[in-house]
Amino acid sequence: MKKDEFEKRVCPRCGKTYACAPALSREDNETLICPDCGTKEALASIGVDEDEQKQILDTIHRYTNGQ
C-alpha cells in the first residue's frame, strides 16, 4: 500500500464508507470516524449549529474535490 492510500472503512457514526485518513472521535478519544464526522464533532464543540456545519462541509468538499 502506498503511503497516501488508506483502506476502506465504514464510519460507525454515519455509516458512510471512506478511504482516507480517519479522524479520532472527541466523544471517547478511541473511535475512528470519517473526516466529515470529525469535522462535525469539532464544529459542534465550539457551538456551530448543524446548518452551518453543513455549509462548512460543502465548502470543504467543493475545494478538495470531496477527498
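1. Let me start with I33, which touches C11, P12, R13, Y18, P22, A23, S25, G38 and E41, leaving out residues up to four places away in sequence; contact here means heavy atoms within 4.5 Å. I33 is found in strand β4, and it counts as buried at 2% relative accessibility. Buried means under 20% relative accessible area, exposed over 50%, and partly exposed in between, with a 1.4 Å probe and protein chains only. I33 and C11 lie 22 residues apart in sequence and 5.0 Å apart in space, C-alpha to C-alpha.

2. A word on the basis: this is a predicted model, in which local features need pLDDT of at least 70, side-chain atom pairs count only at pLDDT 80 or more, and totals for chains, interfaces and linings use all residues. Residues are numbered from 1 along each chain as its sequence is written, and side-chain values use heavy atoms, with hydrogens and water left out.

3. Now the overall layout. The chain has two helices and four strands, in the order β-β-β-β-α-α along the sequence. Helices (H or I, at least four residues) and strands (E, at least two) are DSSP runs, numbered from the N terminus. The C-alpha atoms fill a box of roughly 40 × 30 × 20 Å, taken along the principal axes. Of the 67 residues in the chain, 21% are buried. Among contacts with a separation of 6 or more, residues 24 or more positions apart account for 7%.

4. S25 sits in the loop between β3 and β4 and counts as buried, at 3% relative accessibility. With residues up to four places away in sequence not counted, S25 touches E30, T31, I33 and E41.

5. On to helix α1, residues 35–45, where D36, C37, G38, E41 and L43 are buried. The buried residues of α1 pack against β3 (23–24), β4 (32–33) and α2. After α1 comes G47, with a positive phi near 90°.

6. Finally, the acidic stretch: D49, E50, D51 and E52 form a negative surface patch. Patches are made of residues with over 30% relative accessible area and no salt bridge, with like charges joined within 9 Å and nonpolar side chains (Val, Leu, Ile, Met, Phe, Trp, Tyr) within 5 Å. A salt bridge is a side-chain nitrogen of Lys or Arg within 4 Å of a carboxyl oxygen of Asp or Glu. E50 belongs to helix α2 (residues 50–64) and is exposed, with a relative accessible area of 66%.

Methods: Accessible areas come from the Shrake-Rupley method with a 1.4 Å probe; for residues, only the protein chains shown count as cover. Lys and Arg count as positive and Asp and Glu as negative; His and the chain ends are not counted. The place of a charge is taken as NZ of Lys, CZ of Arg, CG of Asp or CD of Glu.
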